Amino acid sequence: MSAVVQLPAARRRPSPRLALLGTGVVGSAFVARYERLRERVEGLPEFAWLANSRSLQACDAAVSNALDAARNAPARDAGLPPWAEAESLRDGDIIVDATASDAVAHWHAEWLTRGIHVVTANKLGNGGTLARAEAIRHARAASGAHYGDSATVGAGLPLLRSLRALVAGGDRIHRVEGVLSGSLAWLFNHYDGMRPFSGFVRQAREAGYTEPDPRIDLSGEDVRRKLLILARAAGLPLQSEDVRVESLVPTALAALPAGELDGALDRFDAPLGARFREAYRNGEKLRFLGRFDAEGASVGLQALASDHPLCGGGGTDNRVAIFSDRYPDQPLVVQGPGAGAEVTAAALLDDVLAIAATA
């Protein structure tokens, strides 16, 4: 009678844990959505910790309690941020970057190299320097870790996904152009030339449509970053300086400390009022556009005929046209809400669930 050979049991990979960086409007919306979905969605990873620049909080009980503790923590002296001192995440865990921090984006490639999946709304990863974007790409390929960045452009609209699918299928991208900023879409969909532009800027900031410092949006820098992400996804290795940007921020306003900004927002009113009146006289509408093709890339305010396809939509809608071999004359158009904490948080959580499903 032959002996029965006992084979070793297959080693089960530990379930991924979740960590969150950033407790602002997007991070808070992410936590709220996570807790709503936790009871009815299978496969949602357990929260290990969350952190901001002041504090790191373990999520042993309700995640919302940890969020409150982190938000109410006192400011720290200079030094390493609290999350840099945390116990290392392990291979297969998921870290969510809900910040706009260059320092955090600098860690993306490092985490990926260690096998840690990264889900991000931070555009300074693939939309920062070309060297950083290349490091992220190489780290993904070497480790097999996932990089979920659908929230970086279009707040989760199927824009990056569509562009990458076209390229993967052998399509050649000719041109991409459109309204890429939900905050600037909202501003120019609402600005009527009668009320001060500065008032609309304050409303957009309070609603969470703009970055905490709205000059990032109004300078065109946010759109530049998104355009770089799209161009690089299309196979065009653009450097930041390759994008010509027309800033809407007056020079005197650009140099102000953040604490003095709100009282000086009325400096936008005269120049934007003049641009609006000129467009109105010509039967045109103002739209802030980003565009790239093989010849170059640009970002800036343009006056378009009122029936122009890129004048469609409303609210915070992004409206982006993709021209390619497959769509040479009539472009593929992707449209939908492109700003707001809720839609951004939903895009982040969708990426988390997609990664967790493959674990």
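1. Glu177 is buried, at a relative accessible area of 18% (buried means under 20%, exposed over 50%, partly exposed in between, with a 1.4 Å probe and protein chains only). Its salt-bridge partner is Arg175, with the closest N and O atoms 3.6 Å apart; a salt bridge here is a side-chain nitrogen of Lys or Arg within 4 Å of a carboxyl oxygen of Asp or Glu. Arg175 is partly exposed, at 23%.

2. A word on the source: this is a predicted model, where local features need pLDDT of at least 70 and side-chain atom pairs count only at pLDDT 80 or more, while totals for chains, interfaces and linings use all residues. Residues are numbered from 1 along each chain as its sequence is written, and side-chain values use heavy atoms, leaving out hydrogens and water.

3. The whole structure holds 21 salt bridges. One of them pairs Arg172 with Asp325, at 3.2 Å between the closest N and O atoms. Arg172 sits in the loop between helix 6 (160-168) and strand 7 (173-179), and Asp325 in the loop between strand 11 (317-324) and strand 12 (332-337), so the pair ties together parts 153 residues apart in sequence. (Helices, H or I of at least four residues, and strands, E of at least two, are DSSP runs numbered from the N terminus.) Arg172 is exposed, at 54%, whereas Asp325 is partly exposed, at 40%.

4. Arg224 and Glu221 also form a salt bridge, 3.0 Å from N to O. Being three residues apart in helix 10, they are separated by about one helical turn. Arg224 is buried, at 15%.
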